Amino acid sequence: MKRTKGLVISWYFPPINSSEGLCTFKLLKNSKFTYDVYTQKNNKDWSYDTDETKLVSKNIKTIFSSSFDTNSWVKEGISKLNDKIDDYDFIMSRSMAPESHEIALELKRKNPNILWVASFGDPIANNPYEKFWYHDSPYTVKGKGVIEQSLRYVLSPKRVLKNLIWQYRNKTYKRKFTRFYKDKKLQDSVLNECDIIIFNNKYQMKYMLEGYPEKIIKKGIILPHGYDKSFYENKRKSISKDKFKISYLGHLDKIRTPRNFLCALERLKAKKRDLYNMLEIEIYGNMDDEDKVYIVDSNICDIVKFKKPVKYFDSLSIMQNSDLLLLIDANLGLYIPDNIFYAAKLADYIGSGSNILGITMLGGASSDIIREIGGVVSSHSTEDIYNNLVMILEKKIELHTLDKYNKYDIITISNNFDKIILDKVQNTCGGKNE
Amino acid sequence: MKILSIVVPTYNVEKYLERCLNSLLYNENILKDIELIIVNDGSKDKSLSIAKKYEKKYSETVIIIDKENGGHGSTINAGLKIATGKYFRVIDSDDWVNIDDFYLYIDELKKHDEDIILTDYNKELLYSGEINEFKYKSLEYNKTYNLNKFNFKILDQDYFFMATTTFKTEKLRKSNLFLDEKTFYVDMEFILLPILQMDTMVYLNFNIYRYFIGRPDQSINIQSYVRNRMHHEKVVKRLLEFYRNIPRKNSRSIYVKTILIQLLNSHYSIYCKAKLTSQNDVKEIKEFDKYLKNNYCELYENLRNEHRYIKWNQKTFFLFSQIFNNIMSRIANKFDYIKMNRGEKVEKN
């Protein structure tokens, strides 16, 4: 019996360490199939370091592109992979970057019988996270809020003129619309032409498939991110009883900002100094400069340490040896009612067995998962964060032990993935491997 | 005797309930002094099981009433029926209290005997992160006011809110308070209907309540107002009836009138600023307008003078807002950012 073989197209993949690539790696490593992964190792944007030794698996072979940018990566990928397509039972494209889907789309069009699985980390088009970066003109008539604006304002020639000048001058506005239409077209084509669509949570699935016909909705399945037990050290190091260590690992910026958490610490310092003195906070990764300045200005740098990004396996060790892990999501409530993002780091947090405090939207993927595993969810309100910190430190909130939790164990998730693929391969290809 | 009974109306709030209860039960020193009545109003989510967890852990403090769905008012009615505390207040389950000051407020309550206790609150606009601190600008802290001689005009727009007001339970019962059931916006009934029974009031220097704004399904957003406009009308009519029966000599009548004008303005706004697009809407607001004019002439005139858009609409048989809203809706459809971003969906093939 021939072993099922998949072709995976992913811009990020080990040895480059990035959340996207690691998610895909963990899934494939624990799958029973064999894989060729088309990727690259020249462009290390959005990644932290490389690991040539630990992140390898017998069932995975990587095909590296010589490209440095996504455009040439796409061209090279299409020509290189199309000749070998008969070797594979299915292809899987994984975003971000969305260009992986462009390659798969072209391969599917040239080989309509191949099973295509499109896996989405984030939406390609209409990503609520990106809406923060692309500001609208301050002089525009604002869609749904139009009724609240006065007729005089709406019809004012001065406003119309200012709006046109702003749009002409502002490059991000132009880029937004150029990019939006390109992304939208790609996303529509991918959803329409692929055979299986993988989302990592139900909110993302609902958001991305809303308004699409039933035929497309039926293709959607949910496969959450998972943790790999074998990546963690067997035992926790002893944690100091005098200090309570809180760690955050990952990317922070103007949108995914720790500002309210920092404000809560400032309040804690003012109101409950004894609890404040217990804390030891380490933030690994990137942070907006304004937040770094805020740490200094608000005199909390005695307990808050900002550190450079660390290697993936070191990050897992830090997670294991923290009293509490902090998850900070962007507050996207102005754009979406529920959070559609399930950060890959949350899966690694779960695997570490440490307790989790999630500062996130109260409805959505992260909050559901954190509640499910017995962690604490806080809204972005400074006072809510403060209250939760106080109650955690005074042991007034019960934090559960997560050791027995295996829903997010990657072995379970990979088994589900295998079942879905095998079932579909057998149905679409008449069981050519059996 | 417990000093304070707190009713927590609970309906499908599994995401918020723990935050509320944790803040109320944070300080164990006050658990003997408070009574927490969680009224589950037929929730379909895990709210009841969350409440039961707290009832089990804090059996001397937490009581659960599990009832069929009857709306916000029904939960307060049910809570009031069994409340044993000297004072009574309502904390909505998606809101919470300031844990640093709540126990101080409970301790302070023990020293008082006034009928109304007022405290401050913060309004948190969660999605923008904005916090508005509410204070009674015209009142002095710790001063006991005699409401029979009190000049309610000094309150201006700072009237009593559910988030600021603690009533003496005995007086609430005396007022035969029974809120409309299966009706939204009954918080105005809760604040106004007992006022005739209340004789004294004190304002304490505590900022207790955290009022959470920004839940997409909250009843105070404009879409909810439009959807539930008949509920709003029902509440307005009940309060108009209440106002009619207050002797004009009673100083409280000015207070009730001020709030009623605010409420009537809100009611006209629902139609004139958001809803008035069809003939049926025009018919609804015309009927209400006629009712107000025929029965409450004085209020009607005051309202017209204070809010000119109402006068313009009345003069043009509500054509003014109808035309304006239609133009705006067309512009909205054309420029609607969300529609534009969504674009055309995939063709069916």
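**A strand with two neighbours**

Modeller: In strand E11 (residues 324-328) of chain A, the bridge partner of A:Ser247 is A:Leu325, and in strand E9 (residues 279-286) of chain A, A:Ser247 stands opposite A:Glu282. This is a predicted model, in which local features need pLDDT of at least 70 and side-chain atom pairs count only at pLDDT 80 or more, while totals for chains, interfaces and linings use all residues. Residues are numbered from 1 along each chain as its sequence is written, and chains are lettered from A and ligands numbered from 1 in the order in which they are written.

Strand E8 (residues 244-251) of chain A runs parallel to E9(A), to which 8 bridges join it, and E8(A) also runs parallel to E11(A), with 2 bridges between them; two strands pair if DSSP finds at least two bridges between them. Strands here are DSSP runs of E with at least two residues, and helices are runs of H or I with at least four, numbered from the N terminus. E8(A) is mostly covered, since 6 of its 8 residues are buried, where buried requires 20 or more other C-beta atoms within 10 Å of a residue's own, exposed means 12 or fewer, partly exposed lies in between, and C-beta atoms are placed from the backbone. In a regular strand the side chains alternate between the two faces of the sheet.

Helix H16 (residues 382-393) of chain A is likewise mostly covered, with 11 of its 12 residues buried, among them A:Glu383, A:Asp384 and A:Tyr386. The end C-alpha atoms of H16(A) are 16 Å apart, which agrees with the 16 Å that its 12 residues should span at 1.5 Å a residue, the expected span being 1.5 Å times one less than the number of residues. A:Lys395, which follows H16(A), has a positive phi, near 60°.

For the chain as a whole, the secondary structure of chain A comes to 17 helices and 13 strands, and buried residues make up 44% of its 434 residues. Of the contacts in chain A with a separation of 6 or more, 76% join residues 24 or more positions apart, a contact being two residues whose C-beta atoms, placed from the backbone, lie within 7 Å. Leaving aside its neighbours within four places in sequence, A:Ile91 is in contact with residues including A:Leu7, A:Ile9 and A:Trp116.
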